[in-house]
Amino acid sequence: MPAFNQQFGYLYNGTWVTPALWQSLWNGMTAIAQCIGALCSSWICNKFGRRASYAFSSAICIVGVGIQFASRDWKLMMVGKAINGFGLGGCFCFGPLYVGENCFPELRGFYLVFLNSSIVYGQLFLALSARWSAGLSGNASWLTLIGMQWIFPVATIALMPWYPESPYWILSKYHDLPRAKRELTRLYGKQNETLIARRFTELQVEVAVVNNLSQEVTVRDCFRGSNWSRTCLTFLCGSTQQVIGTSFIFGYIGYWASLIGIQQPFDVSIGVFVLGFVGNSIAFYTIERIGRRPLIVHGLLLMWILLLLIGGLGFADKNHAALSAVTAFLFIWAFIYQTTLGAGALSFSSEISDLSLRAYTQPLVTIGNAGVGWIFGFTCPYMINPDEGNLGARVGLVFGFFGVLAYAYVYFYVPETKDLTYTELSYLFDSKANRRHFPEAIAKHRAELDAMGMKEITGEDDLKEAVVHVERV
């Protein structure tokens with residue numbers, strides 16, 4: 001926005017430009033703070049529970065936004081972004097962890113798409129708000145956008161009394177069956193007695209298995225045995241979203257579009273986010289119908305091709321046809337990303353870790369995403385600013401190079417996790433099944449076992465029988 005650039009930037013060839021260094025520091029400190037917040041989230045949520053931890057992170061975000069709102073120089077703005085980033089790092093961990101703990105495997109992907117939806121809807125809301133606030137005079141044009149960031153954390157804290165605590169955490173922390181049953185009933189509703197009974201049985205079995213197999217779990221267990229490969233998948237799938245260009249396209253689309261000569265850059269931003277919204281809406285269906293692996297693998301391939309096309313157009317003259325083609329490819333890229341990798345990678349990363357290590361591995365999704373995002377967030381201004389690299393559309397080739405590396409990795413190492421329980425995932429990794437053939441391997445394994453009847457656990461003998469069965473599986 002012109003008023004923002006005038007407040008924090010300087011005149012360059014008659015145009016107000018925010019220095020690349022300041023943009024890099026803002027984005028870099030936000031990403032680093034997200035990583036720190038994610039690292040702290042394991043201890044916080046295990047100690048105080050999922051609900052209190054989410055409220056705490058939301059309060060941190062409120063403080064960070066307040067500092068940004070009050071800032072009139074780049075240093076104070078950086079402090080506000082860092083504090084807000086710390087809170088976001090925790091929020092990004094607690095949501096997937098909560099869903100993974102308390103949702104049925106058949107619906108896990110569907111509800112994890114909601115987490116990606118919160119990001120997509122927020123981006124679209126911001127783009128529409130920016131288009132509206134651009135007409136305001138002076139600093140009100142950008143202060144309005146910063147102030148709007150208060151809406152979501154304030155609403156979260158206000159609704160916290162109606163937010164049930166995680167039944168899984170209650171069982172694993174306090175072994176309080178009545179309280180866990182009450183919270184589970186709040187989640188599913190009193191009318192769904194059959195579903196509640198089934199899920200409560202599963203939760204007891206899961207907690208009992210963890211307690212029986214490992215009396216004390218530490219973060220070092222994430223890097224031992226088969227957990228090491230699962231930890232790598234968690235981290236690398238989170239970072240894959242960044243290497244394919246999200247930090248650039250979603251973070252700098254409006255600014256970059258204006259630099260390369262695209263008319264109405266705000267409208268281009270809105271178009272990207274609207275198509276992302278449509279793609280994410282489709283992902284609610286495809287994530288459980290098609291599965292995680294096909295979405296991630298094929299989506300990466302298509303986005304890589306589009307990045308090469310965008311980069312190639314950077315060598316053409318900046319005429320109407322070339323700019324129109326770049327805009328069209330950006331729209332297609334955004335749609336494909338949110339339909340495939342945006343939803344698929346988050347769902348996959350949130351369910352691939354071992355049952356007992358979720359609180360430790362979930363932050364790695366945020367660290368992988370934010371850590372690699374920090375690298376690109378720091379370098380993107382230098383690549384696109386007219387007083388620095390001035391790459392224009394050729395920046396697509398940079399992300400295209402990293403995209404082909406990411407594609408090679410996911411093709412050979414990312415398995416399908418749709419409809420698999422955590423015990424089945426552990427079996428497949430421990431047995432070193434071929435990553436590309438998990439569905440066939442688990443179908444063969446299920447055929448060799450007698451299915452355990454999902455009756456309600458009424459006594460210690462029933463629970464022991466269930467634990468023995470799951471351990472045998």
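At what angle do helix H11 and helix H19 pack, and how far apart are their axes? This is a predicted model, in which local features need pLDDT of at least 70 and side-chain atom pairs count only at pLDDT 80 or more, while totals for chains, interfaces and linings use all residues. Residues are numbered from 1 along each chain as its sequence is written, and side-chain values use heavy atoms, with hydrogens and water left out.

**Packing of H11 and H19**

- Helix H11 (residues 226-243) packs against helix H19 (residues 422-430) at an angle of about 110°, with the axes 9 Å apart, where helices are DSSP runs of H or I with at least four residues and axes are lines fitted to C-alpha atoms over the stretch in contact, with angles from 0 to 180 degrees between N-to-C directions.
- That angle makes H11 roughly perpendicular to H19 (65 to 115 degrees).
- The contact (heavy atoms within 4.5 Å) involves Ser-226, Ser-229, Arg-230 and Leu-233 of H11, together with Tyr-422, Leu-425, Ser-426, Phe-429 and Asp-430 of H19.

**Positive phi in loops**

- His-175, although not a glycine, has a positive phi of about 55°, and His-175 lies in the loop between helix H8 (167-174) and helix H9 (177-188).
- Lys-432, also a residue other than glycine, has a positive phi near 55° and is placed in the loop between H19 and helix H20 (438-447).
- Lys-432 is exposed, with a relative accessible area of 71% (exposed means over 50%, with a 1.4 Å probe and protein chains only).

Note on methods:
Helix = DSSP H or I, 4+ residues; strand = E, 2+ residues; numbered from the N terminus. Parallel < 35°, antiparallel > 145°, perpendicular 65-115°, else oblique. Buried < 20%, exposed > 50% of the residue type's maximum accessible area, 1.4 Å probe, protein only.
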